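Subject: Handover of a structure, with findings

Dear colleague,

Please find below the structure that I am passing on to you. My notes on what was found in it follow directly after.

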Amino acid sequence: MRKKRILLLSEGFGAGHTQAAYALSSSLRKLSPDVQTKVLELGSFLNPKMAPLIVSAYRKTVTSQPRLMGYVYRHQKSFNRLTTLALHRIFYTHTQNIVKQLKPDIIVCTHFIPGAVVSRLKRLDPSLKAPLITVITDYDAHASWISPEVDRYLVSTQEVKAKLRRRSVSAAKIRVTGMPVHPIFWEHPGREEIQRQFSLKNMPTVLVMGGGWGMMNDAVVNEALAGWRDKVQLVFCLGQNDKLLREMNEDPRYSHPNISLLGFTREVDKLMEVSDLLVTKPGGMTCSEGLAKGIPMLFHSPLPGQEEENCRYFTAAGFGEPISSLDVVDRWMKRLLDDYGDVRAKRQAHLEEISRFNPLQSAQSIIDMLE
């Protein structure tokens with residue numbers, strides 16, 4: 001009997017969307033041996049020369065003109081209509097052939113652009129019968145995610161469901177499944193082994209992340225954190241920001257036995273496990289991974305749009321706090337030093353509280369559609 005085929009489509013505009021696709025792929029295979037999955041960043045797959053140029057231009061715009069990105073986010077519906085049509089004609093003219101060649105039983109999109117493109121293809125070609133599932137990978141739901149051709153939406157919270165309902169999406173199409181975090185983030189291996197692997201000491205530890213692109217390059221906050229290096233261990237995870245990694249390696253302020261400077265790594269789950277505080281940009285996937293690990297979070301420089309919404313959600317829920325001033329950094333450093341036992345106890349209580357959630361719920365919802 002042929003295995004059921006699930007095609008997961010993402011895009012390379014930030015690492016979180018593709019992380020969600022791979023997390024779902026892993027969970028689906030874990031739940032069912034009769035499922036075959038394939039993950040594609042659609043633009044990169046169909047046009048490997050042009051797509052990196054577009055992603056690079058997007059990255060530069062995000063870092064240099066965040067207000068512009070906020071405007072685009074707020075006016076997403078009209079912007080996305082033009083963008084989708086352009087991308088459909090320029091990059092994705094072969095998408096229909098890819099779908100017909102792979103013959104998926106379900107198509108899952110973790111980024112709104114491939115979701116919009118597949119929706120358009122389904123409108124233009126009635127022979128594309130595979131159900132379309134959209135996984136919203138932030139704690140907000142803007143208009144670009146929404147299309148009549150979507151058969152099911154998987155969302156993180158009841159609040160996101162309510163936002164979809166206000167945009168006239170049928171309740172029957174929406175499932176609140178939580179964010180599809182990779183199963184390894186729900187595991188809790190021994191801290192000592194991980195500390196040995198990364199040459200870390202057994203002391204209060206802060207993990208500083210800027211996302212897959214390593215965009216957290218605010219020298220003021222980094223310097224404030226480094227000022228505690230004699231008493232607190234700091235792990236800077238700089239992603240693909242090779243320039244910042246070189247600069248910090250050459251800066252004497254970060255040359256210290258209690259400071260580790262890392263580039264891109266696929267072992268963030270281990271680093272979160274042995275850290276006591278996460279300083280991060282509030283990307284949807286990073287925050288969700290931190291939530292699964294129970295680690296308290298400080299949110300740094302949210303981009304206008306979905307990161308601001310993510311920051312609001314996690315702050316209101318008591319899982320984190322924005323860095324509104326350097327006093328917030330100092331207060332948390334003192335807390336790690338003076339009340340370390342209390343910080344650890346609250347983290348353990350948080351882990352016990354979230355243990356009742358099913359980390360495979362998103363994948364299970366997809367399998368339910370297959371059946």
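Exposed here means over 50% relative accessible area, buried under 20%, and partly exposed in between, with a 1.4 Å probe and protein chains only. The buried residues of α11 are L244, L245 and M248. Viewed along the helix axis, they fall within an arc of 105°, so they line one face of α11; the arc is that of the directions from the helix axis to the C-beta atoms. Among the elements that cover these buried residues are α10 (219-226), β8 and β9. Helices (H or I, at least four residues) and strands (E, at least two) are DSSP runs, numbered from the N terminus.

Please note that this is a predicted model, in which local features need pLDDT of at least 70 and side-chain atom pairs count only at pLDDT 80 or more, while totals for chains, interfaces and linings use all residues. Residues are numbered from 1 along each chain as its sequence is written, and side-chain values use heavy atoms, with hydrogens and water left out.

Aromatic rings

The structure contains seven aromatic pairs. Rings of Phe, Tyr and Trp (its six-membered ring) pair if their centres lie within 6.5 Å; planes under 30 degrees apart count as stacked, over 60 as edge-to-face and the rest as tilted. One of the pairs is formed by F112 and W145, whose ring centres are 5.7 Å apart with planes at 80°, so the pair is edge-to-face. Because F112 belongs to helix α7 (residues 112-124) and W145 to the loop between β4 (132-135) and β5 (152-155), the pair ties together parts that are 33 residues apart in sequence. F112 is buried at a relative accessible area of 14%, and W145 is buried at 4%.

Another pair is that of F236 and Y254: the centres lie 5.6 Å apart and the planes stand at 85°, so this pair is edge-to-face. The pair links distant parts of the chain, with F236 in strand β8 and Y254 in the loop between α11 (242-250) and β9 (259-262), 18 residues apart. F236 is buried, with 0% relative accessibility, and Y254 is buried, with 7%.

Strand β1

Five of the seven residues of strand β1 (residues 4-10) are buried, so the strand is mostly covered. Strand β1 pairs in the parallel sense with strand β2 (residues 35-41) over seven bridges, and with strand β3 (residues 106-109), again in the parallel sense, over four bridges. Two strands pair if DSSP finds at least two bridges between them. L9 stands opposite L40 in β2 and opposite C109 in β3.

Cysteines

How many disulfides does the structure hold? The count comes to zero, a disulfide being a pair of cysteine sulfur atoms within 2.5 Å. C287 is in no disulfide, and the nearest cysteine sulfur, that of C311, is 7.8 Å away. C287 is buried at 0% relative accessibility. C237 is buried as well, with a relative accessible area of 5%.

Serines

Three serines deserve mention. S26 lies in helix α1 (residues 16-31) and is buried, with a relative accessible area of 19%. Apart from neighbours within four places in sequence, S26 is in contact with H182 and P183, where contact means heavy atoms within 4.5 Å.

S168 has a positive phi of about 70°, although this residue is not a glycine. S168 is located in the loop between α8 (158-166) and β6 (174-176) and is exposed at 67% relative accessibility. S199, another residue other than glycine, has a positive phi near 55°. S199 is in the loop between α9 (191-197) and β7 (205-209), and is exposed with a relative accessible area of 62%.

With kind regards
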